[in-house]
Amino acid sequence: MPASSIFDLRKSVPVIASFSKDGKLYPLYVRIDDMEYKILSYVKLNKNTSGVHFECKIEDYGICKTIYLFYSINETAWFLISKYKPFT
């Protein structure tokens, strides 16, 4: 069973990502409910000391869908979130 964040009920998901030499983070693939999806494109929505929000485009059975991922720096984990909420 995937772990949940200690801060809320976001769903943790496995993500394959790449890091550049200067520390930039690039999500490449995500696994949701035992299905692996290639991330076709993404936009970094926000970053602060707790983590980074991404809006990602994936293809699901020929349909382009938008998902929102959050990388928690403190937990070193990725979370699928239902809707992006700007940091306050």
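Helices (H or I, at least four residues) and strands (E, at least two) are DSSP runs, numbered from the N terminus. The model shown is predicted, so local features need pLDDT of at least 70 and side-chain atom pairs count only at pLDDT 80 or more, while totals for chains, interfaces and linings use all residues. Residues are numbered from 1 along each chain as its sequence is written, and side-chain values use heavy atoms, with hydrogens and water left out.

**View 1. The whole chain and the confidence of its prediction.** The protein chain has 0 helices and 7 strands, and its elements run β-β-β-β-β-β-β from the N terminus on. Confidence is given as pLDDT, the predictor's value for each residue on a range from 0 to 100; its mean over the protein chain is 85, and 84% of the residues reach 70 or more. Over residues 3-8 pLDDT stays under 50, and for this stretch the model has 9 contacts beyond four places in sequence, a contact meaning heavy atoms within 4.5 Å. Of the contacts in the protein chain with a separation of 6 or more, 30% are between residues 24 or more positions apart.

View 2. Accessible areas come from the Shrake-Rupley method with a 1.4 Å probe, and for residues only the protein chains shown count as cover. The protein chain exposes about 6000 Å², of which carbon and sulfur atoms supply 56%. A residue is called buried under 20% relative accessible area, exposed over 50%, and partly exposed in between (1.4 Å probe, protein chains only); buried residues make up 33% of the 88 residues in the protein chain.

**View 3. The loop between β3 and β4.** Asp34 is placed in the loop between β3 and β4, and its phi is near 65°, a positive value in a residue other than glycine. At 67% relative accessibility, Asp34 counts as exposed. Asp33 lies in this loop between β3 (25-32) and β4 (35-47), whereas Lys11 is in strand β1 (residues 11-12), so their pairing ties together parts that are 22 residues apart in sequence. The pairing is a salt bridge between the two side chains, Asp33 and Lys11, at 2.5 Å from N to O; the term stands for a side-chain nitrogen of Lys or Arg within 4 Å of a carboxyl oxygen of Asp or Glu. Asp33 is exposed, with a relative accessible area of 58%, whereas Lys11 is partly exposed at 31%.

**View 4. Two further charged pairs.** Side chains of opposite charge can pair when their charged atoms come close. The count of salt bridges comes to 3. One of them joins Glu36 to Arg31, with the closest N and O atoms 3.5 Å apart; Glu36 is partly exposed, with a relative accessible area of 47%, and Arg31 is also partly exposed, at 36%. Another joins the side chains of Lys65 and Asp60 at 2.7 Å, N to O, and here Lys65 is partly exposed at 35%, while Asp60 counts as buried at 13% relative accessibility.

**View 5. The largest nonpolar core.** In soluble globular proteins, nonpolar side chains tend to be buried together. A nonpolar core is a set of buried Ala, Val, Leu, Ile, Met, Phe, Trp, Tyr and Cys residues joined through side-chain atoms within 4.5 Å. The largest one has 16 residues, and those that touch the most other members are Val13, Val30, Phe54, Ile67, Leu69 and Trp78. At least two residues of this core come from each of β3, β4, β5 (51-60), β6 (63-72) and β7 (77-81), and β5 gives the most, with 4 residues. Leaving aside residues up to four places away in sequence, Val30 touches, among others, Val13, Pro14, Ile39, Ile58, Ile67 and Leu69.

**View 6. A nonpolar patch on the surface.** Ile16, Tyr26, Leu28 and Tyr29 form a nonpolar patch, with about 320 Å² of accessible area together. Patches are made of residues with over 30% relative accessible area and no salt bridge, where like charges are joined within 9 Å and nonpolar side chains (Val, Leu, Ile, Met, Phe, Trp, Tyr) within 5 Å. Strand β3 supplies the largest share of the patch, 3 residues. Leu28 has its place in strand β3 and, at 35% relative accessibility, counts as partly exposed.

**View 7. Tyr61 in the loop between β5 and β6.** Tyr61 is placed in the loop between β5 and β6, and its phi is near 50°, a positive value in a residue other than glycine. With 72% relative accessibility, Tyr61 counts as exposed.
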